[in-house]
Amino acid sequence: MLSEEEKERYQRQILIIGDKKQESLKNKKILQVGAGGLGGPLILALVAAGVGEIILFENDVVSLSNLGRQILYKTQDLGLSKGVLAQKRLQELNPHVKITVIEEWLSAKSAPKYLDPGDVDYLVDASDNFETKFLVNDLGLKYNIPFTIAGIQGFEGQLISVDPHRTACYRCLFGDVPKKKDTSPIPVMSSTCGVVGSLQANEILKGLLNHGTRILNALLMIGLETGDFTKIPINPNPNCICQK
């Protein structure tokens, strides 16, 4: 049940989804990878919305070059743990949400400890590398957990949601992890982080609440320099692991 304080906190949202769905959101558990430029606005929206529990994988520290786009952190945070800072600020935003920070990077070895109990409702990729995105894809398929993956560069973003073994997955679109690794920084506008992170949060909330139409069997291309949003259909690959 929602307390009177929670009903007041979420009153504008309850006008849209109703008490029962707000209560259901309180009982949902998410695993999110990354709380940087993309993950910051994403997790702020999820915490503000009242998702019950979030496991956050974040093992980096704040650097000066982060502050142009990572809105969870401040100048005085330089050199400090992003995970610890994120947890503190998110709990200040909404103490009703349980936030567990794992100060390591998600891996095939670390994931089972948090996924084997079978109580995670949604996986979220907000990383900045292909290896992690493909790992989130494969973990979602293995544990049959819905997930959303997003990426950003410059004024552009991409977003895909997947219902495991029922819709096309990230591998249907991109095949396998690119072999060539480019170690140069990814150029990105701060505004791109905010827009794409918010769109990703919107996808997750729709999935958790079974509300609205999600971006399934499609890739949403977000072009903020021109203001173009394009949904590209994706057909499931019959030879992909998601179809087996």
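I count a contact when heavy atoms lie within 4.5 Å. My model is predicted, so I ask for pLDDT of at least 70 for local features and 80 or more for side-chain atom pairs, while totals for chains, interfaces and linings use all residues. I number residues from 1 along each chain as its sequence is written, and side-chain values use heavy atoms, without hydrogens and water.

**Valine 51.** I set aside neighbours within four places in sequence and found Val51 in contact with Leu25, Lys28, Ile30, Leu46, Val97, Leu205 and Leu208.

**Core.** A nonpolar core is a set of buried Ala, Val, Leu, Ile, Met, Phe, Trp, Tyr and Cys residues joined through side-chain atoms within 4.5 Å; buried means under 20% relative accessible area, exposed over 50%, partly exposed in between (1.4 Å probe, protein chains only). The largest one has 37 residues, and Val51 is among those with the most contacts inside it, together with Ile30, Leu46, Ile54 and Ile204. I then noted that α8 gives the most to this core, six residues. Helices (H or I, at least four residues) and strands (E, at least two) are DSSP runs, numbered from the N terminus. Apart from this core lies another, of 30 residues, including Leu139 and Phe147.

**Alanine 35.** I found Ala35 in the loop between β1 (29–33) and α3. Is Ala35 buried or exposed? Ala35 is buried, because its relative accessible area is 0%. Beyond four places in sequence, Ala35 touches Gly40, Leu56, Glu58, Gln70, Leu72 and Tyr73. I also noted Ala86, 51 residues from Ala35 in sequence and 7.4 Å away, C-alpha to C-alpha.
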